[in-house]
Amino acid sequence: MSWFTFRFPDFAFSFLSILFEGIPFLLLGSVISGVIDAFLPAEWLTRFLPKRSGIAIVLGALMGAIFPMCECGSVVVIRRFIRKGLPISCAVAYMLGAPIVSPIVALSTFAAFRGQSPLVMTSLRLIFGFCLAVMVGFLVRFIPYEKLLQRGVIESMPDRRRGLRFAAEGGEHEPPMVGERKFTQKCFAVVQAASSDFLDVAFFFVIGAALAATFNTAVNQQVILPLAASPMLSILSMMLLAFVLALCSSTDAFIAASFVAFPFAAKLAFLVFGPLFDVKLFFLYGLIFRRWFVFGLLVGLFVLVALVCDRIAVLGL
Amino acid sequence: MSKVFSRWLPCVTLGTWSAILLYFVGTGRIASFLHPSFRPGVLLAGCFMLLLAAMFAFVPRVTSCCEAESCGHPLGRMTLGRVLTFLILLLPLGTAAMFSPTNFGAVTMRNRGVAMDASAMPGGASKQGREQAGAAEEYLAKTEDGNVKAAVIDLLYAAQDPSLRQDFENKTVELIGQFMPDNVSNASGNRFKLVRMFMTCCAADARPVAVLIEGDSKASGEEMSWIKVVGLVTFPVESGRPLAIVKARSVTQTDPPEETMLY
């Protein structure tokens with residue numbers, strides 16, 4: 001049997017199902033982003049954010065535990081936070097941490113791995129995901145934002161030299177101070193911001209969903225089964241699978257658990273790498289970050305997750 | 001021209017997306033695409049997008065700044081990129097919605113690998129039925145003919161669980177699924193697979209699951225056609241593990257069930 005057989009009806013069926021599953025979450029993220037835009041004064045961020053940036057990054061990575069958000073939604077939310085003046089390192093820590101460090105993900109992973117060391121798998125997934133989010137957050141601190149962010153994002157940011165307070169004063173394209181507007185005006189602003197964000201992100205989501213649907217239907221997934229015998233190859237193949245399948249982090253554990261032939265460490269790699277970086281996120285991240293950073297993040301996370309999971313495999317888990 | 005991009009194209013795009021979502025929910029076709037727990041989200045998203053489309057249409061935005069290079073409004077300027085954006089937002093979804101079937105073909109099922117063993121199925125969901133179930137009489141529904149109404153997945157799970165095996169073994173069951181020839185454990189040529197898709201969240205993650213059906217004569221039929229099988233459940237040990245095999249008494253063509261996916 002050929003490894004690649006494309007049939008349009010099957011592709012369309014899979015493509016639509018990914019869109020139908022993801023659109024409500026994308027829209028939710030866009031609405032939250034709109035609410036942040038219209039109702040959250042920028043000075044609140046300065047007031048509530050810890051003064052020490054290290055603690056702020058750690059808190060950012062943990063925020064998913066309080067405000068769970070899937071990976072598609074979190075990208076929209078952090079773009080708005082960056083525009084509001086949140087330090088990029090904190091925003092990145094939230095963006096990477098939220099899809100994994102979340103009660104929904106913990107519960108689904110525990111349920112999916114019943115009979116396959118559920119507590120160990122859930123704990124390792126959450127801890128590993130959290131550590132990676134914090135680590136990337138700290139790294140981002142040392143990169144100038146002009147080199148990191150897309151031009152459009154930089155233009156919409158408050159003046160970095162004058163700090164977050166500038167955001168509250170409103171730039172050329174900033175709406176009037178959020179506190180001064182009437183409630184109905186704010187609601188209109190939420191809807192306008194949400195729809196713009198949604199259309200922006202949906203574009204990349206459609207492309208990612210199309211690629212994932214192609215792999216889902218056209219590629220013979222049996223071709224990766226022989227790789228399960230080698231620890232490193234099994235880890236790499238499961239990570240590649242996570243990248244191309246682009247599953248939602250709240251449900252991917254059920255798919256990972258079904259790969260019974262693959263060792264524990266390979267499934268962990270699938271569950272940690274997938275929510276941090278997949279084919280649709282590749283396009284979504286490109287909406288905020290410059291291409292070199294997106295590629296760097298992809299390679300860095302891929303290598304790091306593979307190496308750590310290989311060490312875990314050596315430990316005999 | 002900026003008005004087209006900042007007002008009418010977003011309005012048309014959101015309206016089209018909303019119409020497609022609400023159409024699939026309204027006609028019930030959404031059942032083939034999503035697990036029941038995700039369906040209300042599609043309805044809400046469809047309604048909300050309709051609201052957004054209406055707002056774009058009836059509440060004009062301030063677009064005086066949008067011709068400027070420095071404009072921060074995301075949908076402001078007319079560029080080739082924007083045209084492409086709206087084409088990508090509209091064309092693939094519209095085309096897929098027009099031509100999408102409500103089930104996968106045989107090629108995709110084979111590409112995903114047909115699971116005939118409960119351990120190869122997506123985790124927890126398969127166990128839910130068993131955990132919710134009490135005594136066999138309570139959870140085994142019967143047809144008018146007195147046969148046990150079973151799903152493919154019930155028999156796969158029973159093959160792995162001795163207590164469930166007792167509930168089904170040597171009982172006559174009625175199963176609905178799709179016909180697929182079996183080329184693996186079919187030396188006599190009288191076996192075929194009865195396949196259903198088992199969904200965790202959406203059709204993209206659905207995995208085909210199957211039980212073997214054994215008849216008196218050589219198995220034949222149109223691949224992927226929906227059939228109803230009535231037969232006796234057995235669990236012979238093959239390749240070192242109990243395998244669910246239904247000895248067919250009758251195999252008849254049938255309409256697809258209301259819910260083509262198993263959950």
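**Briefing: helix packing and the nonpolar core**

The crossing of H14(A) and H16(A) is right-handed (a crossing is right-handed if the near helix is turned clockwise from the far one by less than a right angle, and left-handed if anticlockwise). This is a predicted model, in which local features need pLDDT of at least 70 and side-chain atom pairs count only at pLDDT 80 or more, while totals for chains, interfaces and linings use all residues. Residues are numbered from 1 along each chain as its sequence is written, and chains are lettered from A and ligands numbered from 1 in the order in which they are written.

**H14 and H16 of chain A**

- H14(A) packs against helix H16 (residues 291-314) of chain A at an angle of about 160°, with the axes 9 Å apart (axes are lines fitted to C-alpha atoms over the stretch in contact, and angles run from 0 to 180 degrees between N-to-C directions).
- H14(A) is therefore roughly antiparallel to H16(A) (angles over 145 degrees count as roughly antiparallel, under 35 as roughly parallel, 65 to 115 as roughly perpendicular and the rest as oblique).
- Among the contact residues are A:Leu268, A:Val272 and A:Leu276 of H14(A) and A:Phe302, A:Val305 and A:Asp310 of H16(A) (contact requires C-beta atoms, placed from the backbone, within 7 Å).
- By class, this contact has 13 nonpolar residues, no polar residue and one charged residue (Ala, Val, Leu, Ile, Met, Phe, Trp, Tyr, Cys and Pro count as nonpolar, Asp, Glu, Lys and Arg as charged, and the others, Gly among them, as polar).

**H7 and H14 of chain A**

- Helix H7 (residues 118-141) and helix H14 (residues 264-276) of chain A pack at about 40°, with their axes 10 Å apart.
- H7(A) and H14(A) are therefore oblique to each other, and their crossing is right-handed.
- On the H14(A) side, A:Leu268, A:Leu271, A:Val272 and A:Leu276 meet residues of H7(A) including A:Met121 and A:Phe128.

**Burial and core**

- In chain B, eight of the nine residues of helix H7 (residues 152-160) are buried (20 or more other C-beta atoms, placed from the backbone, within 10 Å of the residue's own).
- A:Ala269, B:Val152, B:Leu156 and B:Val211 touch the most other members of the largest nonpolar core, which has 183 residues (a core is a set of buried Ala, Val, Leu, Ile, Met, Phe, Trp, Tyr and Cys residues joined through C-beta atoms within 7 Å).
- Helix H1 (residues 8-39) of chain A gives the most to this core, with 17 residues.
- Buried residues make up 41% of the 263 residues in chain B.

Conventions: Helix = DSSP H or I, 4+ residues; strand = E, 2+ residues; numbered from the N terminus. Contact = placed C-beta atoms within 7 Å. Buried ≥ 20, exposed ≤ 12 C-beta atoms within 10 Å, placed from the backbone.
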